[in-house]
Amino acid sequence: MAGRLTNPRFWARVRLALVVISVVLLVYGVLAGLQRLGWAIGGTAGRLAVHHGSVMVVMFFGALIALERAAALQKPWTYIPPILLALAGLLALVDAPMPLIK
């Protein structure tokens with residue numbers, strides 16, 4: 001396990017996965033925002049219209065800013081916040097219960 005944490009290719013894959021998740025969150029956040037504006041957009045974005053602000057600000061921007069800082073610091077423990085924020089965003093996409101933001 002310690003060898004994996006020091007492998008730069010492993011962290012490059014982690015960063016790539018977090019960026020891909022962030023882009024998915026961006027797309028869903030924009031679709032939810034457009035639906036809040038009254039555009040007829042079907043699919044999952046309709047469920048997310050209520051959570052538009054939390055998805056965009058906390059989960060999308062938070063994950064990207066935390067990822068930027070983690071990449072700059074280059075310490076394994078600094079990747080915990082962006083991973084948790086990305087997971088929270090994915091949970092929001094599957095409409096998991098979010099009692100703290102309701």
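Rings of Phe, Tyr and Trp (for Trp, the six-membered ring) are paired if their centres lie within 6.5 Å; planes under 30 degrees apart count as stacked, over 60 as edge-to-face and the rest as tilted. By this criterion, a search of the whole structure finds 3 aromatic pairs. In one of them, the ring centres of W11 and Y79 lie 4.5 Å apart and the planes meet at 20 degrees, so this pair is stacked. The pair links distant parts of the chain, 68 residues apart. W11 belongs to helix 2, whereas Y79 sits in the loop between helix 4 (52-73) and helix 5 (80-93). Ring pairs join F10, W11 and Y79 into a cluster. W11 is buried at a relative accessible area of 12%, and Y79 is buried at 3%. Buried here means under 20% relative accessible area, exposed over 50% and partly exposed in between, with a 1.4 Å probe and protein chains only.

The model is predicted: local features need pLDDT of at least 70, side-chain atom pairs count only at pLDDT 80 or more, and totals for chains, interfaces and linings use all residues. Residues are numbered from 1 along each chain as its sequence is written, and side-chain values use heavy atoms, with hydrogens and water left out.

The chain has 5 helices and 0 strands. Helices (H or I, at least four residues) and strands (E, at least two) are DSSP runs, numbered from the N terminus. Of the 102 residues, 32% count as buried. Contact means heavy atoms within 4.5 Å. Among contacts between residues at least 6 apart in sequence, 57% join residues at least 24 apart.

Helix 2 packs against helix 4 at an angle of about 160 degrees, with the axes 9 Å apart. That makes the two helices roughly antiparallel. Axes are lines fitted to C-alpha atoms, for helices over the stretch in contact, and angles run from 0 to 180 degrees between N-to-C directions. Angles under 35 degrees count as roughly parallel, over 145 as roughly antiparallel, 65 to 115 as roughly perpendicular and the rest as oblique. The crossing of helix 2 and helix 4 is left-handed, a term for a near helix turned anticlockwise from the far one by less than a right angle (clockwise is right-handed). Helix 2 contributes residues including L18, S22, L25 and G29. Helix 4 contributes, among others, M59, F60, A63 and L64.

Beyond its neighbours within four places in sequence, S22 is in contact with F60, A63 and L64. The S22 side chain also reaches the backbone oxygen of L18 at 2.9 Å. A polar contact is a pair of N or O atoms within 3.5 Å; within protein, one must be able to donate a hydrogen and the other to accept it, and residues adjacent in sequence count only if both atoms are side-chain atoms.

Helix 4 also packs on helix 5. Their axes come within 8 Å and cross at roughly 155 degrees. That makes helix 4 roughly antiparallel to helix 5. This crossing is left-handed.

T78 lies in the loop between helix 4 and helix 5. T78 is buried, at 7% relative accessibility. Its side chain reaches the backbone oxygen of K75 at 2.5 Å. Leaving aside neighbours within four places in sequence, T78 is in contact with A70 and L73.
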